[in-house]
Amino acid sequence: MTDAELGPGVDVQGDATVGTPGDDDVPEIGAGATIRSGTIIYSDVMIGDRFQTGHNALIREDTVIGDDVVVGTNTVVDGTTTIGSEVSLQTGVYVPPYTEIGDQVFLGPHAVCTNDPYPIRRDVDLVGPTLEDHVSIGANAVLLPGVTVGEGSFVAAGAVVTEDVPPETLAVGAPASHEPLPEPLDGQNTI
C-alpha cells in the first residue's frame with residue numbers, strides 16, 4: 001500500500017495497491033472498506049463508506065464512487081467515471097472512461113460498457129453510457145457508447161444495447177429491442 005486517506009475500519013489486504021507511488025494526489029476511501037488482494041486503486045480516486053472489492057479489481061484515476069458499492073473480482077473501472085451509491089458491479093464487469101452510473105444499479109457478471117463508437121478507425125470524443133438509478137444489467141450484456149439506460153430499466157443477459165432504453169423498459173436481444181417491463185421485474189432495485 002502507498003499513501004492514502006483511509007477512514008476508520010478500512011481493511012486493505014496483502015498485495016493490494018492503494019495509491020500511485022510518487023503521485024501527489026492520494027485516494028480517499030471512506031469508513032468500513034474491504035479492499036481484497038490484487039486490487040489496484042489509483043491516486044485521485046474518491047470512494048465512500050462500506051466499499052468492497054473482490055480480488056484483482058482495478059479502479060483508475062479520476063473516479064468518484066459513492067457509499068455501499070461492490071466492485072467484483074477482475075472488474076475494471078477504467079477511470080474518469082462516476083458511480084453512485086448502493087451499486088454492485090459483479091465479476092468481470094468493464095466500465096470505460098466517461099461512464100455515469102446512478103444509485104442502486106446492478107451490473108451482472110461480465111457486462112461490458114463501451115465508449116468508442118469507431119474503435120481505432122476515427123478520432124472522435126469518447127463517451128460512455130449513462131445508467132440512471134435502479135437499472136439492472138444482465139450477465140454478458142453490452143452497452144454501446146453514449147446510450148442512456150433509463151431509470152428502473154432492465155437489460156437482459158446477453159443483450160446488445162445500441163440505442164437509448166426508455167425508463168422502466170426491458171431491453172432484450174442483439175441488437176436489443178424494447179418491451180414493456182414484465183411484472184416480476186417491476187419496481188426498484190434493493191441493493
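Predicted model: local features only at pLDDT ≥ 70, side-chain atom pairs only at ≥ 80, totals over all residues.
Strand β25 and strand β26 (residues 177–180) run antiparallel and are joined by four bridges.

Alanine 171 stands opposite histidine 178 in β26, and leucine 170 stands opposite glutamate 179 in β26. Strand β25 has a further partner: two bridges join it to strand β23 (residues 154–155), and these two strands run parallel. Here the bridge partner of phenylalanine 154 is leucine 170 in β25. As a general point, strands of a sheet pair through backbone hydrogen bonds, either parallel or antiparallel.

## Alanine 171

Strand β25 covers residues 169–172, and alanine 171 is found in it. Is alanine 171 buried or exposed? Its relative accessibility is 0%, so alanine 171 counts as buried, the cut-off for buried being under 20% relative accessible area.

What does alanine 171 touch, apart from residues up to four places away in sequence? The contacts are Phe154, Val155, Ala156, Ala159, Val165, Ala176, Ser177 and His178. One of these, valine 155, is 16 residues from alanine 171 in sequence, yet their C-alpha atoms are 4.7 Å apart in space. Another, His178, is the residue that stands opposite alanine 171 in β26.

## The parallel sheet

How many strands form the open sheet, and in what order? There are eight, arranged as β1-β4-β7-β10-β13-β16-β19-β22, and the pairing is parallel. At the edges stand β1 (5–6) and β22 (148–149). Each edge strand has a single partner strand, so one side of each is left without a neighbour in the sheet.

Strand β16 (residues 100–101) and strand β19 (residues 130–131) run parallel and are joined by two bridges. The bridge partner of glutamate 100 in β19 is threonine 130.

## Two loops with positive phi

Arginine 50 lies in the loop between β7 (45–47) and β8 (52–53). Its phi is near 55 degrees, a positive value in a residue other than glycine. With a relative accessible area of 42%, arginine 50 is partly exposed.

Aspartate 68 is found in the loop between β10 (63–65) and β11 (70–71). Aspartate 68 is not a glycine either, but has a positive phi of about 60 degrees. Its relative accessible area is 27%, which makes aspartate 68 partly exposed.

## Domains and the nonpolar core

The domain assignment divides the protein chain into domain 1 (1–75) and domain 2 (96–181). The C-alpha centres of the two domains lie 25 Å apart.

The largest nonpolar core has 39 residues. Which of them touch the most other members? They are Phe51, Leu89, Leu107 and Ile137. This core draws at least three residues from each of domain 1 and domain 2. In general, nonpolar side chains tend to be buried together in soluble globular proteins.

Leaving aside neighbours within four places in sequence, leucine 89 is in contact with Val70, Val71, Gly72, Thr75, Val77, Ile83, Val95, Ile101 and Leu107.

## The chain as a whole

The protein chain has 26 strands and zero helices. Its C-alpha atoms fill a box of roughly 50 × 40 × 20 Å along the principal axes. A compact globule of 191 residues would have a radius of gyration near 16 Å, and the chain, at 17 Å, agrees with this.

Of the 191 residues, 41% are buried. The chain exposes about 8,900 Å², and carbon and sulfur atoms supply 48% of that area. Among contacts between residues at least 6 apart in sequence, 17% join residues at least 24 apart.

How values were computed. Residues numbered from 1 in each chain as written. Heavy atoms only, no water. Domains from an automatic or database assignment. Pairing = 2+ DSSP bridges. Buried < 20%, exposed > 50% of the residue type's maximum accessible area, 1.4 Å probe, protein only. Contact = heavy atoms within 4.5 Å. Core = buried A, V, L, I, M, F, W, Y, C linked by side-chain atoms within 4.5 Å. Rg over C-alpha atoms; globule rule 2.2 N^0.38 Å. Areas by Shrake-Rupley, 256 points an atom, 1.4 Å probe, with all protein chains shown as cover.
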